[in-house]
Amino acid sequence: MGQPKQELAALLKELRKRAGLTGDGLARRCNMSQSKISRIENGKAQPSLLDLERMLRAVVAPPEVIEEVIALARLAVHP
């Protein structure tokens, strides 16, 4: 297992791909820039709770995945 920040980034990228979205497509759905999505997915930026909410809603994440993402986000902030 990697660091929580990298795990979170990889999980968000995987969810986007499973939803059949490009980084640009997700950015448009979330009202965010594509570069911000890229930084989050590459572990270079820590998403805010609002960012996570927008991204999870855009990819229609199921409740158990939402819980996993929130747990990883908490660990990424407070390892």
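This is a walk through the fold, from the whole chain down to single residues.

The model is predicted: local features need pLDDT of at least 70, side-chain atom pairs count only at pLDDT 80 or more, and totals for chains, interfaces and linings use all residues. Residues are numbered from 1 along each chain as its sequence is written, and side-chain values use heavy atoms, with hydrogens and water left out.

Start with the whole protein. Its secondary structure comes to five helices and zero strands. Helices here are DSSP runs of H or I with at least four residues, strands are runs of E with at least two, and both are numbered from the N terminus. The order from the N terminus is α-α-α-α-α.

Now the overall dimensions. The C-alpha atoms fill a box of roughly 30 × 25 × 20 Å along the principal axes.

Burial comes next. Buried means under 20% relative accessible area, exposed means over 50%, and partly exposed lies in between, with a 1.4 Å probe and protein chains only. Of the 79 residues, 39% are buried. The accessible surface comes to about 4,900 Å², and 53% of that belongs to carbon and sulfur atoms. These areas come from the Shrake-Rupley method with a 1.4 Å probe; for residues, only the protein chains shown count as cover.

A contact means heavy atoms within 4.5 Å. Among contacts with a separation of 6 or more, 62% join residues 24 or more positions apart.

The protein has 13 positive and 9 negative side chains. The centres of the two sets lie 8 Å apart. Lys and Arg count as positive, Asp and Glu as negative, while His and the chain ends are not counted. Each charge is placed at NZ of Lys, CZ of Arg, CG of Asp or CD of Glu.

Turn to helix H4, residues 49-58. Its buried residues are Asp51, Leu52, Met55, Leu56 and Ala58. Seen down the axis of H4, they fall within an arc of 160 degrees, so they line one face of the helix. The arc is that of the directions from the helix axis to the C-beta atoms. The buried residues of H4 pack against helix H1 (4-18), helix H2 (23-30), helix H3 (34-41) and helix H5 (63-77).

Valine 69 shows the H5 side. This residue sits in helix H5 and is buried, at 0% relative accessibility. Beyond its neighbours within four places in sequence, valine 69 is in contact with Leu8, Leu11, Leu12, Leu15, Leu52 and Leu56. Take leucine 56: it is 13 residues from valine 69 in sequence and 8.7 Å away in space, C-alpha to C-alpha.

Arginine 16 belongs to helix H1. Its relative accessible area is 9%, so arginine 16 counts as buried. Setting aside neighbours within four places in sequence, arginine 16 is in contact with Leu21, Thr22, Gly23, Leu26, Glu41 and Val59.

Glutamine 46 lies in the loop between H3 and H4. At 31% relative accessibility, glutamine 46 is partly exposed. Not counting residues up to four places away in sequence, glutamine 46 touches Lys5, Leu8, Ala73, Ala76 and Val77. Glutamine 46 and leucine 8 are 38 residues apart in sequence, yet 9.3 Å apart in space, C-alpha to C-alpha.

Serine 38 and glutamine 3 are 35 residues apart in sequence and 18 Å apart in space, C-alpha to C-alpha.

Finally, the backbone. Most residues other than glycine have a negative phi. Asparagine 31 has a positive phi, near 60 degrees. This residue is in the loop between H2 and H3 and is exposed, at 66% relative accessibility. Valine 60 also has a positive phi, near 55 degrees. Valine 60 follows H4, in the loop between H4 and H5. At 67% relative accessibility, valine 60 is exposed.
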